[in-house]
Amino acid sequence: MSTAPEASTASRYQPPSIAGDYTALTDKQAQLLAIASDLGRNKFAPRAGQIDRDAVFPFENYADMHAAGLLRICVPEQYGGWGADFATYVMTAAEIGRHCGATALTLNMHVSSTMWTGFIADDLDMTPEQRASHEQHRAMHYKRIVEEGKVYSQPFSEGGAAAAGKAPFGTLARKVDGGYIVNGRKIFASLAGAADYYGVLCTLDKPGATQRDALYLAVDRNLPGVTVSGDWDPLGMRGTVSRNLLFEDVFVPEAERLMPEGMYAQAALRWPHMFATLSPTYMGIAQAAYDFTVQYLRAEVPGMPPVKRRMYPTKQIAVAEMKVKLEQTRAIFLQNARAARVDPSKEIRLGLLAAHYTIMENANDICRLAVRTCGGQSMLKTLPLERMYRDSRCGSLMLPWTAELCIDRLGRECLYEAGERDEPDVL
Ligand SMILES: Cc1cc2nc3c(=O)[nH]c(=O)nc-3n(C[C@H](O)[C@H](O)[C@H](O)COP(=O)(O)OP(=O)(O)OC[C@H]3O[C@@H](n4cnc5c(N)ncnc54)[C@H](O)[C@@H]3O)c2cc1C
């Protein structure tokens, strides 16, 4: 190893924009990315190690995001939000993911609640009565977020086939006077015990209910019958605190319905990008692992001895390989972000699955290459790379679009057009 004098600030590696320098950003996008970058570098990154070590929820980061207006990023402008579109949100989320994966991933659960009820709901077919009641309900939810900094989560996983979209949710909502009685159990509920409202996906309790009868309700965490259970000591994404939630005869007022009955199923069919908001976090982690590697090999990681490693051809080859993967990932990330719309074509749907898969898998692969090429000291717990490596492994496990399910669907949908099948009918 050769030692070098302290590099001057001017010649230090400058981590690029998550959106790539070539992308024309709108004023709103540039503004939000600047806010996310400032908070991420100065507040979230310094706290990320402790949050990971203790597996605790990043409350301080949420206070900062509320103060900076990020909790209302996808709240429509007429309700006091930024009114960010899909592309604007995912770029901002990726920027946060560079600095603290758990903060970006949990923010996604919150923001999705506002996105699904916001511009996605605007694109869905509703009767005038449904539209009117939706406006009334969402005004209340947005007021809580904008004025009080309330946080929403999105527990839909149950440990069965429902979260993969293959069966109705087992959590049931029975209609009663003025609302619903909810019973059921959710697993892996990020923000358990931390969110103010759990945005629970459940099934309207009626004979012959199908996936079309899915309901989306905001459940106040303090309601009688709501309990958090289970340990939380996972491999990665430890700050998400994704424990279990139990709902036992919980009365949920009708006004807490986040979407009109039947609307979640319509959204899932017509706005598939709604499920692709988990991958931006991992785009951010991929960029962060690359940034770390360049800084490490250039001897620019704060607190590390000034030992350069960049002059070895094997290191240069490894970084080149990482850069190729990173640029492939960014390109497909940005393309997918711009393609988001209601009723996308088959090509856009397939491209979306390919993008989601690529981002999740490449993030982990870029982290793997980073650890291998930086070497032993780089994976000590005093440095962030080993956390990125662990966090990055969690992406492609997340339903409904795990890496396996993306490949499953892609393989089938590439070879079959709607209505085509080869299997004989089963009697
Ligand atoms: C850090 C983290 C945070 C999370 N936060 C949330 C959250 O906030 N809300 C939430 O609802 N969930 C959350 N989840 C849960 C996540 O989305 C999955 O539901 C969970 O990881 C599934 O775990 P499982 O072992 O039950 O998977 P299983 O359902 O047992 O699936 C295991 C694997 O089998 C494959 N598989 C599953 N079903 C099928 C099928 N029908 N056909 C073919 N293959 C299939 C998939 O590839 C899957 O990876 C989180 C998970 C993690 C890791």
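**The ligand shell and the domains around it**

Tutor: β4 (179–189) and α11 (403–415) each supply at least two residues of the shell around the ligand, where helices (H or I, at least four residues) and strands (E, at least two) are DSSP runs numbered from the N terminus. This is a predicted model, in which local features need pLDDT of at least 70 and side-chain atom pairs count only at pLDDT 80 or more, while totals for chains, interfaces and linings use all residues. Residues are numbered from 1 along each chain as its sequence is written.

Student: What makes a residue near the ligand, and how many residues surround the ligand?

Tutor: A residue is near a molecule if its C-beta atom, placed from the backbone, lies within 6 Å of it; 25 residues surround the ligand, and the closest are Ser157, Phe188, Ser190, Thr402 and Glu404. The largest share of this shell, 3 residues, comes from α11.

Student: Why is the ligand shell said to lie between two domains?

Tutor: Domain 1 (2–10 + 269–415) and domain 3 (172–262) both give residues to the shell, so it lies between them; the domain bounds come from an automatic or database domain assignment.

Student: How do you know that domain 1 touches domain 2, and which element gives the largest share of that side of domain 1?

Tutor: Two residues are in contact if their C-beta atoms, placed from the backbone, lie within 7 Å, and 28 residues of domain 1 are in contact with 28 residues of domain 2. On the side of domain 1 that touches domain 2, the largest share, 11 residues, comes from α7.
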